[in-house]
Structures are given as structure tokens and as C-alpha cells.
Amino acid sequence: MTGALRFPGLTAVAVILAAWVTATATGFVNSEFIPPPGEVLAAGIEDWTNLGSATIESMWTALVGYAVGFGAAVVIGMAVGRYASVDSWLSGPLDFFRAIPAVAIVPMALLILADSFLVGAFAVAWGCFFLAVINVISGVKHIPNTLQDAARSFGAGEVKVLRKVGIPSLLPYFLSSLRQNVSVALIVIVVADMVIGLSGLGFYILRTQSNALFGRMYASIALIAVIGYVAFRVLEEAQRRLFPWWSETSLA
């Protein structure tokens with residue numbers, strides 16, 4: 001893969017921006033409702049105090065939920081994938097609860113937790129957990145038996161086999177789960193902010209839309225896209241560099 005084609009998404013973004021500028025300049029779209037990119041950027045900079053504060057609040061909440069959901073997925077996923085008895089007890093509940101969308105959890109969590117930070121973090125953790133736990137379970141079940149048998153032949157117990165063989169073999173699956181959960185965390189936190197209606201990026205989007213501040217609204221949406229893109233690419237590059245043999249098949 002050549003350097004020019006390493007991140008073709010940037011080319012697509014450039015094409016979209018060019019089409020956006022052309023559409024507003026020619027009057028194909030109403031610039032009052034869809035301002036040109038330059039005005040959107042200026043509006044975001046002008047209101048950066050509020051936009052930056054909302055972004056920090058939402059990203060911190062999302063990060064906490066992201067970490068909690070992934071951590072729980074690692075522990076439970078390893079247990080389910082490793083032990084048949086745990087699998088028999090938890091596979092049914094996991095299949096049942098993962099059908100519930102994370103955004104549908106927000107109203108219930110709001111009634112129980114009654115705290116905007118806890119509600120947002122819980123909803124993100126819920127969404128990230130079920131996506132990650134599937135990857136972890138799959139990874140555990142694909143740990144090479146030859147490596148496990150070799151470790152046992154040298155007298156390694158169950159804990160040492162997991163520590164020396166299991167976890168290193170699962171690291172690519174962990175990183176893949178982290179990458180996939182970026183979009184989940186962003187979607188859930190924005191919707192949670194909208195439902196809670198107190199602060200954060202979701203609330204900022206609703207408030208600017210209702211006050212016809214469309215430049216600021218699009219600036220916040222673009223900022224979410226940039227954050228997601230950067231996080232996704234950083235994790236993808238880490239996966240490519242740390243596990244090139246695995247990344248070539250999973251990212252091709």
C-alpha cells in the first residue's frame with residue numbers, strides 16, 4: 001500500500017468539502033441552513049468557549065464509559081470463552097441483553113442513577129461492552145492449543161497459561177475492540193446528552209439548532225467527526241505496527 005493511498009479517507013473528505021463549497025456558492029443548497037465550511041469554522045472558533053467545554057465534558061464521560069465497558073468485557077469475555085460452565089450460565093443472558101440498544105438504556109438509567117455523568121458513562125459502557133465481549137470470547141476460543149500445551153508441559157498452571165499465553169494472544173482482539181468501539185462511544189454519548197438535556201455535545205447540538213445557530217451546530221458535528229477519525233486512525237495504526245501479521249488480514 002503506497003503512502004498516497006494510506007489514508008484514502010482524507011481524499012474523500014476533501015472531495016466532500018469541495019462539493020459543499022460549490023453547493024453553497026452556486027445556491028444549490030440554502031446557505032442559511034447549510035452554511036459554507038468557512039462560516040462553520042468561524043462559528044466554531046467564535047463560540048469555542050462553550051463548544052470546547054461541551055466537548056471536554058462529553059469526551060470525559062465517554063472515555064470513562066468506554067474504559068469501564070471494555071474492562072468488563074475483557075474479564076467476562078475471558079471467563080465465558082475459557083470455561084464451559086461460565087459459558088453455559090452467561091451466553092443466554094449476554095445474547096438477551098445485547099439486543100437492547102444502548103440509547104434505549106438512557107431513560108431507564110436516568111430514573112435510577114439521577115446523575116448526568118453516571119447516566120452517560122453507563123450508557124457508553126453498555127454499548128461498548130457487548131461489542132467488545134464478542135471479540136474477546138472469539139479471541140479466547142482461538143488461542144492456539146499448541147501454545148497452551150507447550151506452557152503446560154513446562155509446568156505452567158491455569159493462571160500462568162492465561163498470563164503468558166492467553167493475554168498476549170488476545171492483544172490484537174483487544175485493540176480491534178477498542179477501535180470498533182470508538183464510533184459506539186461517540187454515538188451513545190451524543191444521544192445521551194440529547195436525552196438528558198443538561199450539557200455536553202448532544203445538548204449543544206440541540207440548543208444551537210433550536211436557536212437557528214446552524215454554523216455552530218455544524219461545527220460541533222464536524223468536531224465529533226474529527227475526534228472519531230483521529231481516534232480510529234491512531235488505534236488502527238497502533239494495531240498495524242504492533243501486530244502486522246494480524247492486521248494485514250483484519251484491516252485489508
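Two residues are in contact when heavy atoms lie within 4.5 Å of each other. This report applies that criterion to a predicted model.

**Ser 58 and its surroundings**

Ser 58 sits in helix α3. With neighbours within four places in sequence left aside, Ser 58 is in contact with Ile 189, Asp 193, Gly 200 and Leu 201. The side chains of Ser 58 and Asp 193 are joined by a polar contact of 2.5 Å. Ser 58 has a relative accessible area of 1%; since buried means under 20%, Ser 58 counts as buried.

**The nonpolar core**

The largest nonpolar core has 51 residues, and Tyr 66 and Val 124 touch the most other members. Elements that give two or more residues to this core are α3 (48-82), α5, α6 (116-141), α8 (158-196), α9 (200-210) and α10 (214-242). Helix α8 supplies the largest share, 14 residues. Apart from neighbours within four places in sequence, Val 124 is in contact with Ala 62, Gly 65, Tyr 66, Ala 185, Val 188 and Ile 189. Ile 189 is also among the contacts of Ser 58.

An α-helix has 3.6 residues a turn, so residues three or four places apart point the same way.

| Helix | Buried residues |
|---|---|
| α2 | Pro 37, Val 40, Ala 43, Gly 44 |
| α5 | Ala 102, Ile 105, Val 106, Ala 109 |

In α2, the buried residues Pro 37, Val 40, Ala 43 and Gly 44 cover an arc of only 125 degrees around the axis, so they lie on the same side of the helix. On the other side of α2, the exposed residues are Gly 38, Ile 45 and Glu 46.

In α5, the buried residues Ala 102, Ile 105, Val 106 and Ala 109 cover an arc of only 120 degrees around the axis, which places them on the same side of that helix. Helix α5 (residues 102-113) has 12 residues and reaches 15 Å from its first C-alpha to its last, close to the 16 Å expected at 1.5 Å a residue. Ala 114 follows α5 and has a positive phi, near 55 degrees.

**Ala 43**

What does Ala 43 contact beyond its neighbours within four places in sequence? The partners are Gly 215 and Arg 216. Ala 43 belongs to helix α2 (residues 37-46) and is buried, with a relative accessible area of 12%. Ala 43 and Tyr 218 are 175 residues apart in sequence, while their C-alpha atoms are 8.9 Å apart in space.

Notes: Residues numbered from 1 in each chain as written. Predicted model: local features only at pLDDT ≥ 70, side-chain atom pairs only at ≥ 80, totals over all residues. Heavy atoms only, no water. Helix = DSSP H or I, 4+ residues; strand = E, 2+ residues; numbered from the N terminus. Buried < 20%, exposed > 50% of the residue type's maximum accessible area, 1.4 Å probe, protein only. Arc of directions from axis to C-beta. Expected span 1.5 Å × (residues − 1). Core = buried A, V, L, I, M, F, W, Y, C linked by side-chain atoms within 4.5 Å. Polar contact = N/O pair within 3.5 Å; in protein donor to acceptor, adjacent residues only side chain to side chain.
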